[in-house]
Amino acid sequence: MSDGIMREIYDRVREAEFVLVGIGEDFAYDWSALTEDERYREIEEEAGRDQENVWIIPFLQKMILQGGRDDRWARAYHNLGHMIAGKDYFIISLCIDDYIYDAGLEEKRIVTPCGGFRKMQCDRNCSHILYDVPQESCEAIVRYYNKELPLAALREPICEKCKGKLRFNQLGVTRYAQEGYLERWKEYTKWLQKTVNKRLCVLELGVGMEYPTVVRFPFEKIVLYNQKACLYRVHSSLWQIGEEIADRGCAVRGDPVDFLNQFTEDKA
Ligand SMILES: [Zn+2]
């Protein structure tokens with residue numbers, strides 16, 4: 001598709017003093033891929049029949065996502081990690097699939113403002129506390145998945161403060177606990193200040209218009225004001241770049257996951 005552009009990006013990243021990466025919905029794991037797992041389909045049907053049991057599904061998703069992934073997303077993240085290793089980078093990802101945390105990158109340089117599967121919170125965020133995912137719940141889900149435990153034996157984890165539901169710290173809960181990412185976000189804004197008037201390479205991978213004020217619009221502004229910055233935007237449908245930064249921007253039309261994967265295949 002665009003081997004030349006990929007080489008150019010590699011060069012620009014190498015020359016840059018700072019690298020800013022934004023990852024968005026066009027890069028997110030396709031949850032429908034889970035339905036290739038027969039047992040997952042079975043459970044989705046069994047647990048989905050009763051509202052009381054739907055909490056099992058995200059636990060199951062977490063379990064399957066953690067089970068040694070070797071798919072196109074894992075490869076793409078690995079390639080991204082390879083590309084920016086050793087650079088002074090920061091990554092904002094809007095994806096909740098947690099792949100980014102398995103890419104061999106430094107966790108302190110990653111912020112995921114939409115949350116993920118790494119922490120839990122009270123659905124009502126009654127105490128602004130984030131909880132570790134209860135090990136016993138994960139183990140019970142594994143045993144249920146392996147048909148060693150019946151559905152009726154599973155217990156939904158509850159908030160010890162208010163006895164409400166404990167849910168994964170993700171956008172979409174009744175009251176999202178922003179405590180899960182705000183500290184890191186502060187570090188990100190501090191890091192951004194260092195990039196002013198420096199050679200900054202900005203990569204936007206699959207960031208569309210779902211939360212444009214988090215990545216897309218601010219990134220454009222950063223590139224507009226920093227004359228030494230460049231922007232590479234990869235997206236399958238929203239790849240266009242506005243005129244005001246067109247001279248320092250490069251728009252790539254294509255699936256961002258395939259885009260990252262193609263290069264190493266070519267190189268190999
Ligand atoms: Zn609570």
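Ser-236 counts as partly exposed, because 17 C-beta neighbours lie inside 10 Å. On this scale a residue is buried if 20 or more other C-beta atoms lie within 10 Å of its own, exposed if 12 or fewer, and partly exposed in between, with C-beta atoms placed from the backbone. The model is a predicted one, in which local features need pLDDT of at least 70 and side-chain atom pairs count only at pLDDT 80 or more, while totals for chains, interfaces and linings use all residues. Residues are numbered from 1 along each chain as its sequence is written.

To find Ser-236, one can look in the loop between β8 (229-235) and β9 (249-253); here strands (E, at least two residues) and helices (H or I, at least four) are DSSP runs, numbered from the N terminus. Leaving aside residues up to four places away in sequence, Ser-236 touches Asp-26, Gly-254 and Asp-255, where contact requires C-beta atoms, placed from the backbone, to lie within 7 Å. Gly-208 is 28 residues away along the chain, and its C-alpha atom is separated from that of Ser-236 by 9.4 Å.

Stepping back to the whole protein, there are 8 helices and 9 strands. The radius of gyration is 20 Å, close to the 18 Å that the globule rule gives for 268 residues, so the protein is as compact as a globular protein of that length. This radius is taken over C-alpha atoms, and the rule is 2.2 Å times the number of residues to the power 0.38. Along the principal axes, the C-alpha atoms fill a box of roughly 60 × 40 × 30 Å. Buried residues make up 32% of the 268. Of the contacts between residues at least 6 apart in sequence, 68% join residues at least 24 apart.

The axes of α2 and α3 come within 10 Å and cross at roughly 165 degrees; axes are lines fitted to C-alpha atoms, for helices over the stretch in contact, and angles run from 0 to 180 degrees between N-to-C directions. The two helices, α2 and α3, are therefore roughly antiparallel, a label for angles over 145 degrees. From α2, Tyr-40, Ile-43, Glu-44 and Ala-47 meet Ile-56, Ile-57, Leu-60 and Ile-64 of α3. The residues of this contact divide into 7 nonpolar, no polar and 1 charged, with Ala, Val, Leu, Ile, Met, Phe, Trp, Tyr, Cys and Pro counted as nonpolar, Asp, Glu, Lys and Arg as charged, and the others, Gly among them, as polar.

Definitions and conventions. Contact = placed C-beta atoms within 7 Å. Parallel < 35°, antiparallel > 145°, perpendicular 65-115°, else oblique.
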